[in-house]
Amino acid sequence: MFSVVSLLALLASSVTGSPIEVRNSLITLPMRRTFSNVTDILRHDEARMAAFREYSMHGPRADVPLLNMLMGYTVAVNVGDPPITYNLIVDSSSSITWVGADNAYVSPTGVNTGEVVAVDYKFGSFQGTIFRDHLTLTNELSITEMPIAVASTPLGFDGVLGIGPEVSSLGALQNLNSRRYTIPPVTEYLFRQHAIYQSVVGIFFQPVDQGVINHGQLTFGGVDHTKYTGTIQYTPVTSVPPSSRYWGIKQRITYGDTELIRRTSGIVDCGCTFLYIASDAYEKYKDATGGIVNANGLLQITTEKYEVLRVLKFWIGREIYNLEPHAQIWPRFLNYIFGGNVDDIFLVVKSLDTSIGVGYSFINGYVFLQRFYTVFDSDNNRVGFAQTPFTSDTTN
């Protein structure tokens, strides 16, 4: 087993940018939700799960960094000088930031490192070269010498802002002498250049409705106390692979009085749209809710079944986080994405196609995260959750 070394060490001898001044305030970026059609949503979620499973069976490979390409949250950032604006998908399961897949990268300040990066997303490949360049998050704040992967082929979207654990990028660098190196996320560069005090990211999602465009906020360097209620409770990142490679935690899941998953490991991931649970747990949930699998692979229930739907509980650390019945269904005004009408009721729980206890028994995707403020704390290797004003929102 080779040791893991940060790309920061590989490039250290050539980094000349001066550290930026430490800011007292947090760095916050608005996030906008993007939507696609049913084929894209389900295909990209399935491809993401396949890559997680690939690692669980075969270990680190170049195809482990992940994203949900057409169904995710984007933030606007500037790269280079003069700046080029990119709307980057936020990916919590990869540390790689990359651009140029749609909007071409042409920057006189960019320095080609010669490092080749390649990622296989199961439904298509990304290949490119690592450049060092300025990354501007706000009008007042730029990161110097940020390693940015530049795509060599168009993929139909601008790129990705990676906030995943650094180890998630292991195997992406292709040069023979660089295979053991990892690529730090933007959070680590903000911390090392003294732009933030803590290597911490806070994520706030608001349940989507018909009248809101910006549904999220990304906060670097701490948490935004205005976005949650009560206190944030933390749980350590699991040591069980493959979940340990990402923002993985341990949790127990119950539906009413029925235990679906005993305490085991899985992943918290803003790149997946749905809530995924191990196949045997999914069968229990399907039977308990009376759901029928429709042509799109979603569980559909009747109005009568919805009226007796019970609470889905997530036992994380010492806390219990509830998904009320309205939080377990897809927003009905968006049913058209799946070919349904506003009276149909689709559940947001899907099968992970794994067994309980393999180190990867669930994915708490967007439908979970939109109900709870989430904190990815690299300093302490932990994940935090808190309720928000929208935890019990009945928008759906």
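The side chains of S107 and T109 are joined by a polar contact of 2.9 Å, a polar contact being a pair of N or O atoms within 3.5 Å of which, within protein, one must be able to donate a hydrogen and the other to accept it, with residues adjacent in sequence counting only if both atoms are side-chain atoms. This is a predicted model, in which local features need pLDDT of at least 70 and side-chain atom pairs count only at pLDDT 80 or more, while totals for chains, interfaces and linings use all residues. Residues are numbered from 1 along each chain as its sequence is written, and side-chain values use heavy atoms, with hydrogens and water left out.

S107 is found in the loop between β5 (98-99) and β6 (111-120), where strands (E, at least two residues) are DSSP runs numbered from the N terminus, as are helices (H or I, at least four). S107 counts as buried because its relative accessible area is 13%, and buried means under 20%, with a 1.4 Å probe and protein chains only. Leaving aside residues up to four places away in sequence, S107 touches G80, D81 and D133, a contact meaning heavy atoms within 4.5 Å.

Across the protein, which has 6 helices and 25 strands, 59% of the 396 residues count as buried. Of the contacts with a separation of 6 or more, 69% are between residues 24 or more positions apart.

The largest nonpolar core has 88 residues, and those with the most contacts inside it are L137, L218 and F220; such a core is a set of buried Ala, Val, Leu, Ile, Met, Phe, Trp, Tyr and Cys residues joined through side-chain atoms within 4.5 Å. Strand β8 (residues 141-151) gives the most to this core, with 5 residues. L137 touches, among others beyond four places in sequence, I27, L29, V186 and F220. A second, separate core of 16 residues includes I96, W98, F126 and A172.

Turning to the strands, 7 of them form an open sheet of mixed pairing in the order β20-β19-β14-β15-β23-β16-β22, where two strands pair if DSSP finds at least two bridges between them. The edge strands, each pairing on one side only, are β20 (319-323) and β22 (349-351). Within this sheet, strand β14 (residues 248-255) runs antiparallel to strand β15 (residues 258-268), and 7 bridges join the two. I249 stands opposite G266 in β15.

Key: Buried < 20%, exposed > 50% of the residue type's maximum accessible area, 1.4 Å probe, protein only.
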